[in-house]
Amino acid sequence: MPNSLCYTTSGNVQYDRGSSKTMLPFEFVVDGPPVSYQTRGPQRKERLEAWKTKVRSAAREKWPIKVEPLRTGLKLIVTYYHDGIAVRIDNDNMIKPIQDALNGFVYEDDRQITDTQVRKTDINGSFRVRGMSPVLAEGFCRGNEFIHVRIEVAPRHEELP
């Protein structure tokens, strides 16, 4: 059955996969600092795989039961809320393990991600909270560093930025 998108009055997108439906945007939070794709040192592979498992588990808690991976173009937005002024992780090395963790689960293949946005933000900053999603609020209420991941339908590429 072909994929179809239906925009709701709230601005969310209902993604119809036959009998399985999910709402985009889809978002979740993961506790702790991220592990870089270029992590070094002993047990490098083990640390990276443990991080991917943690990301996938956090996504699984929010992903609707029995919904197949998405098959449309997607935008991935990742924000690392960290403690302190600066962090020593490159954006591309932060996002790659997250993309890999969701591969075959939230979306069929990470090649579907046509747009990304990565931010690193001091958790101790001042924020405008009106309209904050409950998922993001949950991350702040935990009181620790966290990653906020949001997946939405990719913007139309016919429209230039």
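1. Contact here means heavy atoms within 4.5 Å. Helices (H or I, at least four residues) and strands (E, at least two) are DSSP runs, numbered from the N terminus. Axes are lines fitted to C-alpha atoms, for helices over the stretch in contact, and angles run from 0 to 180 degrees between N-to-C directions. With these terms, helix H1 (residues 44-62) lies across S4 and S7. H1 runs at about 135° to S4.

2. A word on the source. This is a predicted model, in which local features need pLDDT of at least 70 and side-chain atom pairs count only at pLDDT 80 or more, while totals for chains, interfaces and linings use all residues. Residues are numbered from 1 along each chain as its sequence is written, and side-chain values use heavy atoms, with hydrogens and water left out.

3. Now the overall plan. The chain has three helices and seven strands. From the N terminus, their order is β-β-β-β-α-β-α-β-α-β. Of the 161 residues, 40% are buried. Buried means under 20% relative accessible area, exposed means over 50%, and partly exposed lies in between (1.4 Å probe, protein chains only). Among contacts with a separation of 6 or more, 73% join residues 24 or more positions apart.

4. Next, the sheet. Four strands form an open sheet, in the order S4-S7-S5-S6, with mixed pairing. Two strands pair if DSSP finds at least two bridges between them. Strands S4 (26-31) and S6 (113-122) stand at the edges with a single partner strand each, so one side of each has no neighbour in the sheet. On average, neighbouring strands of this sheet are turned by 15° against each other, direction ignored.

5. Look at the S5 pairings. S5 (residues 74-82) and S7 (residues 146-153) run antiparallel and are joined by eight bridges. Lys75 has Glu152 as its bridge partner in S7. Tyr80 stands opposite Ile147 in S7. Helix H3 (residues 134-142) packs on the sheet and touches S4, S5 and S7. The direction of H3 makes about 10° with that of S4.

6. How do S5 and S6 run, and how many bridges join them? They run parallel, with nine bridges between them. His82 has Asp122 as its bridge partner in S6. The chain passes from S5 through H2 to S6 in a right-handed β-α-β crossover. Right-handed means that, with the strands pointing away from the viewer, the path from the first strand over the helix to the second runs clockwise.

7. Is S5 mostly covered or uncovered? It is mostly covered, with nine of its nine residues buried. In a regular strand the side chains alternate between the two faces of the sheet. On one side of S5 are Leu74, Leu76, Val78, Tyr80 and His82, all buried. On the other are Lys75, Ile77, Thr79 and Tyr81, buried too.

8. Then the cores. A nonpolar core is a set of buried Ala, Val, Leu, Ile, Met, Phe, Trp, Tyr and Cys residues joined through side-chain atoms within 4.5 Å. The largest has 31 residues, and Phe28, Leu102, Ile147, Val149 and Ile151 have the most contacts inside it. S4, H1, S5, H2 and S7 each give two or more residues to this core. Apart from it lies another core of six residues, including Val29, Ile123, Leu136 and Phe146.

9. Check Glu27, in strand S4. Its relative accessible area is 13%, so Glu27 counts as buried. A polar contact is a pair of N or O atoms within 3.5 Å; within protein, one must be able to donate a hydrogen and the other to accept it, and residues adjacent in sequence count only if both atoms are side-chain atoms. The side chain of Glu27 makes such a contact with the side chain of Ser133, at 3.1 Å. Another, of 2.6 Å, joins the side chains of Glu27 and His148. Glu27 and His148 are 121 residues apart along the chain, yet their C-alpha atoms are separated by 7.3 Å.

10. Finally, Asp110 sits in the loop between helix H2 (91-102) and S6. With a relative accessible area of 15%, Asp110 is buried. Its side chain makes a polar contact of 3.4 Å with the side chain of Lys96. Leaving aside neighbours within four places in sequence, Asp110 is in contact with Lys96, Gln99, Asp100 and Asn103.
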